[in-house]
Amino acid sequence: MSSLSHSPYIETLQYWKTNPRIAHCRIRFLVTKLLEMYSFKKKAFPLPSAEEAQADYAEFAASVQNTIRQDSKIAVVIPCYCASEKSAAQIKRLADCLSAQTCKADVVIFVDDCSPVEFAVANLPNIIILKQEKNQGPAAARTRGAEYALERGCGIIAFTDSDCVPSKNWLEEAKKGFLNDRECSIISGKTNSFGKTWFDCYHELNGTLNGRRFKNTDFLLYGPTCNLAITADVAKAIPFDSDFPLAAGEDINFCLKANRAGFSVKYNPNMLIEHDFAYTGFLLKDIKQFRKQFERYAEGEAVLLKKNPSYYIYFERTAEI
């Protein structure tokens, strides 16, 4: 979610202007970046003072070793708010993808956050739907799903969103990540765009749905919950914060708390997911959707900064993945 949108316009544009990743579309990218920054700054929360940030700052604890085994059970948790027939189709598509995994989940948990439109998923014994009594947002839905997974004895809990399309080996790669690196308790995968519009392309170049890596290390500050796997130990210790009502900022807050507790975050580029932003290809409609997304990110960051005034101290030590 976080970008350089808090920085001055000139500074941010200069940063991206020299990035070789956008050489083939530099002008178009920079114009879109201006639109992103304008949208973000409209809703942005003022940065905490240096004194507030430093008072909140703490070094991360030493990495806790994960205890994942080859026979550890796997759960997938998906918060759902189905508001249209298109949303219902995306949920069904995700359920079908999860049923076709090379490494099957022991339980797939859809948490229905009081959707106004009914949806159906594959009629398989390992897929269940938990219904929230009232709409509480994706953070609360993830916590409820994680609690159910723990009750079922799952050692790995993977999270994605209802508008995502995981690769067939997504869960296999998540488990491999834990087995091959005992130092990590959270794994973030690589998230690409599902669509082919310019705005989908922009999100990939911008790294909108990928985490941030600490420079000169293989540790991450955070990974997005559309493509994240955690151990049961993390789930027992750290719930998602329901003070985040939107799908924005809650994943950064979660990973920051985990890092501080010694639950290190690593990156697995083979743990692939495609995110369906649902852009239409109609310019004016897509611009409106794009702006709303970054306004929502700014609103989520406002909650994040109130809870973590030191966030940008950590952020400044990171780079795009």
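1. Which residues of helix α1 are buried? They are Thr 12, Leu 13 and Trp 16, in a helix that spans residues 9–17. Buried means under 20% relative accessible area with a 1.4 Å probe, protein chains only. Seen down the axis of α1, these residues fall within an arc of 95°, so they line one face of the helix. Their cover includes α2 (26–43), α7 (198–206) and β11 (318–320).

2. On provenance: this is a predicted model, where local features need pLDDT of at least 70, side-chain atom pairs count only at pLDDT 80 or more, and totals for chains, interfaces and linings use all residues. Numbering starts from 1 along each chain as its sequence is written, and side-chain values use heavy atoms, without hydrogens and water.

3. α7 also meets α10 (residues 283–307). Their axes (lines fitted to C-alpha atoms over the stretch in contact) come within 11 Å and cross at roughly 35°. Contact means heavy atoms within 4.5 Å. Phe 199, Tyr 202, His 203 and Asn 206 are the α7 side. Leu 283, Asp 286, Ile 287, Phe 290, Gln 293 and Phe 294 are the α10 side. The contact has 6 nonpolar, 3 polar and 1 charged residues.

4. The largest pocket holds about 1300 Å³ of space. Its lining counts 41 residues (an atom within 4 Å of a grid point). Tyr 81, Asp 163, Ala 247, His 275 and Arg 296 lie nearest the centre.

5. α10 gives the largest share of that lining, 7 residues. β1 (74–80), α4 (85–99), α5 (138–151) and α9 (250–260) are among the elements that give two or more. By class, the lining has 17 nonpolar, 12 polar and 12 charged residues.

Key: Buried means under 20% relative accessible area, exposed over 50%, partly exposed in between (1.4 Å probe, protein chains only). Helices (H or I, at least four residues) and strands (E, at least two) are DSSP runs, numbered from the N terminus. The arc is that of the directions from the helix axis to the C-beta atoms. Axes are lines fitted to C-alpha atoms, for helices over the stretch in contact, and angles run from 0 to 180 degrees between N-to-C directions. Ala, Val, Leu, Ile, Met, Phe, Trp, Tyr, Cys and Pro count as nonpolar, Asp, Glu, Lys and Arg as charged, and the others, Gly among them, as polar. On a 1 Å grid over the protein atoms alone, a cavity is a set of points where a 1.4 Å probe fits but cannot get out, and a pocket is an open set with protein on both sides within 12 Å along at least five of seven lines; lining residues have an atom within 4 Å of a point. Grid points are joined across faces, edges and corners, and a volume is the space filled by probe spheres set on the points.
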